[in-house]
Amino acid sequence: MAKVIILGPAHPLRGGGMTTFNHRLAKEFIAMGHSCVIYSFSLQYPDFLFPGKSQYTDEPAPENINIYSVVNSINPLNWLKVGQRLKKERADIIVVRYWLPLMGPALGTILRQVKKNKYTKVICIADNVIPHEKRPGDKPFTRYFLKACDGFITLSEKVLRDLRTFTTSKQAVLVQHPLYDNFGPIVSKQSAREHLGIPPTGKIILFFGFIRKYKGLDILLQAVQQLKPAIPDFKLLVAGEFYEDEKGYQELIDRLDIRNQLILKTNFIADSEVKYYLCAADVLVQPYKNATQSGVTPLAYHFERPMIVTNVGGLPALVPHGKSGLVCEPDPASIAHAIKEFYELGEDHFIPHLRSEKVKYSWKNIVEAIFTLSEQ
């Protein structure tokens, strides 16, 4: 039995896919007979840097996982204190999440203290190495962090390539993002729509997740305008909190005259509600302008929802064209064409492929990859 510590966001932080990932990974370690706890943040972002409405959730903590909220991302004295604490823990493996250069100084300093015990192996799961939105200090902060790690797991080919621009000497492997299978079972489309209070009939396409510039909601809105004459009975369900100024999107909606084609649920989506949004839709659209990978894709696989994704980053590799969904270019005309093609093919065309593809994405795979890296 190994002693494992996950270092990254966890309850009560509301970090979306990353907190969910960490909880689910911890449960997999425990289910496989290992000891696993999570060390999370007491302060992840100063309020003025956080783009959403709240950093915290009021949902109950995950059962049977010990979570210690101790890391202050902006306090160097705290980094040394937490590092000393983790050094004394003498875990066999620390699995650290890296997604933003802002976290590089804190995590890099903590891990340098840990490594002084000359025992613990540090395996990084890198969600991003080069961030979507660039800021001063990105490269030195990332370089400082990466030097404190022994090996790396990436969830897309693009992140692996980005990682190799910083280091070529350390072991790194690509592992497919496991399925989020902890949001409950599939529910019928009719009951999901009834639960959300949206029309029981008609076509519904879904945009799901935090709304940020690189995710391309503006492109999708323009595609909706192009689709109005061709598919008169469809709605775009936008489900997710704005992580940037909402005003520009609202102005675009009015300028395009598409408000009647939209169902806006632009608040934070609680874990208990996720299944209803996925199951209410005919198809999930990810109109990203750039991407590494997406945690929304494993959600779609779990709930067996076909996807339309843009040909950027690691998205096409996860969605075989014509099977699990359709791949298009990140422009309104191409997205509109893909949506029309989806309805011409029909939802049932994609379901068998989704069911056969989803078996590839197990949590056991990523746990085994972590242990293999630590041994190397």
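Which residue lies over the face of Tyr119? Select Arg90 and Tyr119 together: Arg90 is over the face of that ring, at 4.3 Å from the ring centre. The cut-offs for a charge over a ring are NZ of Lys or CZ of Arg within 6 Å of the ring centre and within 35 degrees of the ring normal.

Before moving on, some housekeeping. You're looking at a predicted model, where local features need pLDDT of at least 70 and side-chain atom pairs count only at pLDDT 80 or more, while totals for chains, interfaces and linings use all residues. Residues are numbered from 1 along each chain as its sequence is written, and side-chain values use heavy atoms, with hydrogens and water left out.

Next, pick Arg112 and Tyr144. The charged end of Arg112 sits over the Tyr144 ring, 3.8 Å from its centre.

Now for ring-on-ring pairs. Searching the whole structure turns up 15 aromatic pairs (rings of Phe, Tyr and Trp, the last by its six-membered ring, with centres within 6.5 Å; planes under 30 degrees apart are stacked, over 60 edge-to-face, the rest tilted). Select Phe21 and Trp363, one of those pairs: the two are edge-to-face, 4.9 Å centre to centre with 70 degrees between the planes. Phe21 belongs to helix α1 (residues 17-31) and Trp363 to helix α14 (residues 363-375), so this pair ties together parts 342 residues apart in sequence. Helices here are DSSP runs (H or I, at least four residues), as are strands (E, at least two), numbered from the N terminus.

Buried or exposed, what is Phe21? Phe21 is buried, at a relative accessible area of 0%, and Trp363 is buried too, at 3%. (Buried is under 20% relative accessible area, exposed over 50%, partly exposed in between, with a 1.4 Å probe and protein chains only.) The edge-to-face pair of Tyr214 and Tyr288 has ring centres 6.0 Å apart and planes at 85 degrees. Tyr214 is in the loop between β8 (203-208) and α7 (217-227), and Tyr288 in the loop between β11 (283-286) and α10 (296-302), so the pair ties together parts 74 residues apart in sequence. Both are buried: Tyr214 at 12%, Tyr288 at 3%.

Last stop: Gly240, in the loop between β9 (234-239) and α8 (247-256). Gly240 is buried, with 3% relative accessible area. Leaving aside neighbours within four places in sequence, its contacts (heavy atoms within 4.5 Å) include Gly209, Ile211 and Lys265.
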